[in-house]
Structures are given as structure tokens and as C-alpha cells.
Amino acid sequence: MKGRLFCANWKMHHGPRAARRFLELFLRSYNGAGDRRVWFFPPAVSLTAVLEMIQGRAGLGAGAQNVHWEAKGAFTGEISVPMLVEAGAVGAIVGHSERRHIFGEKDEEAGKKARALLEAGLTPVFCVGEKLEEREAGRTWEVVERQLQVLGDLPPSLLERVVVAYEPVWAIGTGRNATPGDAAEVHRAIRSWFAGRGVAVDATVVLYGGSVNPSNAKELLAEPEIDGVLVGGASLDPESWLSIVQT
Ligand code: PEP
């Protein structure tokens, strides 16, 4: 059973103290329903604080916002997959649009990160999505397919463990979300891309991300193609995050 997956991308917010306080408030009211998983992606410096707070709580997990594909070495500022394994993380976000467009991360780098996580038994939350001008030019699928291409040589046994987050760039942090219908069309195409590589159609977990908030979560999650959500801004406040994950 896939169940629903709710991912909180805290970006560059909530140091260890704020992260602990968030979890104290969140855990006071969270009544984890059996079919849903809630994963937190705090800044790396807060990851162990979050993991300590959620230890032993079924359905809760935490991971990194980024990771390097090499196991160790002279890569100042980076963290590795074995470090995430040691910390007890579930995985990492890979290829977030802010990494791609602010830090110039390339498709190939996202592919190497995803492979390193999968080979270590962790989950990449692999982000794809088009920019506004690409959507307006009718190039949405061309862009998403290009971003997925770096996963193309993975065997089905690894591919089926990739979580894909479809996040149209024009919807991230803008207050403008895709309609459930817009998202469903891309989600369907993503699922058939994986199916074409040997993954059972309903095995691929596809999240939607982009200005999800307590007011639009219900409508988005009612769309059968949407398996869960990746949320930035509205995951920073415990009340608003609780209302989304308890949708
Ligand atoms: C994100 O950071 O992945 C995201 C979707 O942000 P927001 O919810 O703020 O649009």
C-alpha cells in the first residue's frame, strides 16, 4: 500500500532550536493516520534534532535537502549519502528547482545523487518541473522528460523506489498553484515514463509541489493522480502543516 506522502521542505529556515520547538508543537496534535507518511527536510544542521524528536513515531521521517553523490572526500560544504544513512535519514530532496535555477545544478548531477541514494537504500525525492515560459510554449512534457532522462539507465528495482515531485517552477513560492487537472496530466505522463521502464504503473509515487496550503490541499489531494505533496512555505508553521497533513 502506497498511502499518502507529505514532505515539508523547510529550505533555509528553522535552525536546531526552532526545529525542536516546531516538532514539540506538531507532535502535540499529530494523530498519525496509518496510511500516511510525513517527512521533514530541514536544513542539514537541524536534521539530527528533527530525527531525535520523531524517533519511534510511526510514519514520520526526515531527510536532507541536498546530498553529494560521492561517499566522502574534499567537497567543502557537502554532505554524503553514508552520512545520511548513519544519521537515520529517509533520503534527500534531489534536483529542487532552487538548486537547479539558483545554484546551477545540472540534470546529470541530479541523476548521480538519485543513484547514490537508491544504491544505499535511501529515497530520492526527485524534483522535476517546467518554467512559466516553457509551459506557455507547450514544452512542459519535453522539459520534464529531459529531467527524468538521467534516471533512464537505472534498473526497475531501483526506479520503483524513486519518489517524483512534480513542481512547476511558476508555482513554487508564488501563491499560484497548478490546478489538480494540470498536475494530473503531468503525473500520468510521469507514471507512464516509469511504466515504460519496467515499473508497475501504480507503484510510482508522484507528489505535487507548488504553493500548496491548507486551503487548496484538500482539492489537490482529492485528485487520484496526486499521491502526496511537497510543501515549502506552508510547512514552516506547525498549525498550517498539521492542517495539510491531516487533510
Ligand atoms: C518547494 O519548496 O518545493 C515548494 C513547493 O515551495 P512552496 O510550497 O512554498 O511553493
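The shell around the ligand comprises four nonpolar, eight polar and two charged residues, where Ala, Val, Leu, Ile, Met, Phe, Trp, Tyr, Cys and Pro count as nonpolar, Asp, Glu, Lys and Arg as charged, and the others, Gly among them, as polar. The model is predicted: local features need pLDDT of at least 70, side-chain atom pairs count only at pLDDT 80 or more, and totals for chains, interfaces and linings use all residues. Residues are numbered from 1 along each chain as its sequence is written, and side-chain values use heavy atoms, with hydrogens and water left out.

In total, 14 residues surround the ligand, each with a heavy atom within 4 Å of it. The closest are K11, E167, G173, S211 and G232. A polar side-chain atom of H96 is placed 2.8 Å from a ligand oxygen atom, and one of N9 is 3.1 Å from a ligand oxygen atom. S211 contributes a backbone N or O atom, 2.8 Å from an oxygen atom of the ligand. Of the 290 Å² of accessible area that the ligand has on its own, the protein covers 96% (Shrake-Rupley method, 1.4 Å probe).

The structure contains zero disulfides, a disulfide being a pair of cysteine sulfur atoms within 2.5 Å. C7 is buried at 0% relative accessibility, and C127 is buried with a relative accessible area of 2%; buried means under 20% relative accessible area (1.4 Å probe, protein chains only).

Methods:
A polar contact is a pair of N or O atoms within 3.5 Å; within protein, one must be able to donate a hydrogen and the other to accept it, and residues adjacent in sequence count only if both atoms are side-chain atoms. Buried means under 20% relative accessible area, exposed over 50%, partly exposed in between (1.4 Å probe, protein chains only).
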